[in-house]
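Dear colleague,

I am passing on a structure that will be new to you, and the notes after it set out what was found. Please read them alongside the sequence.

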Protein chains: 2
Amino acid sequence: MEPSNLSRRRMLLSTGGVMALAGTASLTPLSAALAQEKAKTQAKALPAYASWKHLDSLIVHSANTIETKRSAFGSGLITPLDRLFVRNNVAPPSEQIVADPDAWVLSIKGVKNPKDMTVAELKRLGLVAVPMVLQCSGNGRAYFPEKPSGTKWTVGAAGCIVFSGVPIKAVLEATGGMEAGAKFMTGTGGEDIPEGLDPNTIMVERSLPLEAIDDAILAWEINGQPIPLAHGGPLRLIVPGYTGVNNVKYIKQLAFSKDQSAASIQQNSYRMTPMGEKTNVNQESVWEMPVKSWITSPNGESGEDLKAGLVQIQGLAFGGMSAAKEVEVSVDGGKNWVKANFVGPDLGKYAWRQFVVGMELKPGQYEIASRATSEAGTVQPEERVANSHGYLNNSWRDHMLPVTVA
Amino acid sequence: MEPSNLSRRRMLLSTGGVMALAGTASLTPLSAALAQEKAKTQAKALPAYASWKHLDSLIVHSANTIETKRSAFGSGLITPLDRLFVRNNVAPPSEQIVADPDAWVLSIKGVKNPKDMTVAELKRLGLVAVPMVLQCSGNGRAYFPEKPSGTKWTVGAAGCIVFSGVPIKAVLEATGGMEAGAKFMTGTGGEDIPEGLDPNTIMVERSLPLEAIDDAILAWEINGQPIPLAHGGPLRLIVPGYTGVNNVKYIKQLAFSKDQSAASIQQNSYRMTPMGEKTNVNQESVWEMPVKSWITSPNGESGEDLKAGLVQIQGLAFGGMSAAKEVEVSVDGGKNWVKANFVGPDLGKYAWRQFVVGMELKPGQYEIASRATSEAGTVQPEERVANSHGYLNNSWRDHMLPVTVA
């Protein structure tokens, strides 16, 4: 990997910081602390590969973890790309891989006629467009009281976008179908593996159950444009309803196999590990997303108290593997609930619905929560499922917001 | 208006050009011509208020007319903002009007309780989100053989976006309803009127029939973000199904009145004027959009011939005031037609549908056309309606593309 602009910027910043401190004898401890704090804030600039994003709408946790602010989801059904979260398990490959997307090659294995296909060839096989929630497995980790390690996402490691590409079923048809006995579909990411490292320790290779094939696609567009590097272009495996990590970026190999990947990210990560236990391959893999919702407005991010009167309480809801059927809102911490209305059209079972409910609020303290029910009949639970890595938090109580009305 | 970055850039460019020519005695006529051509291309840079747009996806006709390339629509259902066309009748107001969108004031008149409301106050009245085609009245003017004056748009003065805001009906409810006898809803744009000019000669004030109220909204968001100046923020009148000009930008007054606006843009413009006649108020106003479709891929924009074999022919279709129900595709100039499939979910009657059909094409010459039918049963016609300003071109033959398959 080339050093990114960010690393360069950080280097310059820290060097500059040291020089400034050394050359200013009269610097008080307080202003030194402020300078350090400022340097820290500036280091949270967008990394080079995501420099085109809208910084004011985002929380930059690190060069590989960027979250959408609760106030920045808006009410437009689809999340604009420049507001969409980013999560990379490994630093992305060179920007050069998206220079000529049609030339990218995918190896297809574990089929009757294994072959290499370019994106240009895949584009000739068919086209579908899937509006869907893309959500990091650890979204909501910040609310786990046990403070598991990993990025402290609140609500913003999620977005609803449209991926366009070819159905995996059409690719299987073009390659003679799966070999007998296959039990998993495995996607391998195109990240650079540093020489001398055992690839299994670092590569992003995820295996999925065969039922994931039904709605899965190989995508070359996101929101109507070629997928940028930040979101896994030139080609990404898209498995609607499954958490982000399963949607393998810069996919270079698609294989159908009897066994799950031997990669550490499959064997020893992204599993629902009970508190206090070690992660192992027998624990449930983090695949499907559960029903979930949260409030987006009011959100308290302006720092000002809300004015009393009629307030339009807004939020987002999705069912995971089926559509959100209903959303209720509470302003008293879950004692009483009222039904919210959906905003805009239904974009299909994998998309989220935006909701709104108008309520008269008098001056006082409120705890605003939302609770979604899926078409499958599952109600968003009050409590999260305890697990040592902080995955799949869909507790309505955890996502509740305190709001002061003046 | 402040001079824009573009004017400054143009000035620098032309000065620089002259200097380069003067200082280079050995410059040949050909290289001088090339330099001039290059300067011309560079002068077609984006204006300052739209500098955030994706230039490679756009054709910049002028600082107030920017078109999406046929190849840049993609298959993502919703047009990303940085690819969306721009059309201003008058230069936009200062960027300062979008600095604090909630503070923008709208005067509401011709109602029982006329009042001024801020955007913050409007946001408390309700929320809807409307996916819809926004299309300039003159989109397709380039195909009129009579070469009417006005921008020579081909297909790209159109996009499908999501506007969010409050229904006009809720605003009427909050202001006591229309005064008796009202026949028109009139929106007035917030453009700066130069001193000494009769406002009627320049102001963007459009009147609409009362049936437009049903689905009309006052919008503060486009595609989930505050409306930028280029698209009429902080507040825009949105009349789904009506051509672009009727969706008044930076709206400062909404009035219900017995008469149409006296502004020239209402009286003497945007009317279906028969060839050779003068425009007058008795001619049909350009309001509702007719059924229309066009091919987006293949589009010949790469300059290379298409390779023989299975090809996914793609395009866009909308019904105007009702949804597109069906689209047919022809590769032989309209002799034979096959039914195309819609891509992705139906976003409601005012949105467009993307369509695709896979066809085996042998080497040869093709003329690829599409023809949409609306839910109302109207079939996209072969010929345009002749009119002297080149409005509402929905002829399938005009939008047909010649394609060479090698």
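In this predicted model, 39 residues of chain B are in contact with 39 residues of chain A, where contact means heavy atoms within 4.5 Å. The size of an interface is often given as the accessible area lost when the parts come together.

The rule finds 0 salt bridges between the two chains, a salt bridge being a side-chain nitrogen of Lys or Arg within 4 Å of a carboxyl oxygen of Asp or Glu.

On the side of chain B that touches chain A, the elements that give two or more residues are strands S6 (128–135), S7 (158–167), S11 (225–226) and S15 (309–318) of chain B. Helices (H or I, at least four residues) and strands (E, at least two) are DSSP runs, numbered from the N terminus. The largest share of that side, 5 residues, comes from S15(B).

Within chain A, strand S8 (residues 184–189) is mostly covered, as 6 of its 6 residues are buried, where buried means under 20% relative accessible area, exposed over 50%, and partly exposed in between (1.4 Å probe, protein chains only). Both faces of S8(A) are covered, with A:Phe184, A:Thr186 and A:Thr188 on one side and A:Met185, A:Gly187 and A:Gly189 on the other. S8(A) runs antiparallel to strand S9 (residues 205–209) of chain A, joined to it by 5 bridges, and A:Phe184 stands opposite A:Pro209 in S9(A). S8(A) is also joined by 6 bridges to strand S13 (residues 251–257) of chain A, again antiparallel, and there A:Leu254 is the bridge partner of A:Gly187. Two strands pair if DSSP finds at least two bridges between them.

Another part of chain A holds an open sheet of 4 strands in the order S17-S16-S20-S21, with antiparallel pairing. Its edge strands, S17 (338–339) and S21 (401–405) of chain A, each pair on one side only.

Two loop residues of chain A may also interest you. A:His231, in the loop between strand S11 (225–226) and strand S12 (236–238) of chain A, counts as buried because its relative accessibility is 2%. The side chains of A:His231 and A:Lys53 are joined by a polar contact of 2.7 Å. A:Ala212 lies in the loop between S9 and strand S10 (217–222) of chain A, and with 5% relative accessibility A:Ala212 counts as buried too.

Residues are numbered from 1 along each chain as its sequence is written, and chains are lettered from A and ligands numbered from 1 in the order in which they are written. Local features need pLDDT of at least 70, side-chain atom pairs count only at pLDDT 80 or more, and totals for chains, interfaces and linings use all residues, while side-chain values use heavy atoms, with hydrogens and water left out.

With best wishes

Definitions and conventions: A polar contact is a pair of N or O atoms within 3.5 Å; within protein, one must be able to donate a hydrogen and the other to accept it, and residues adjacent in sequence count only if both atoms are side-chain atoms.
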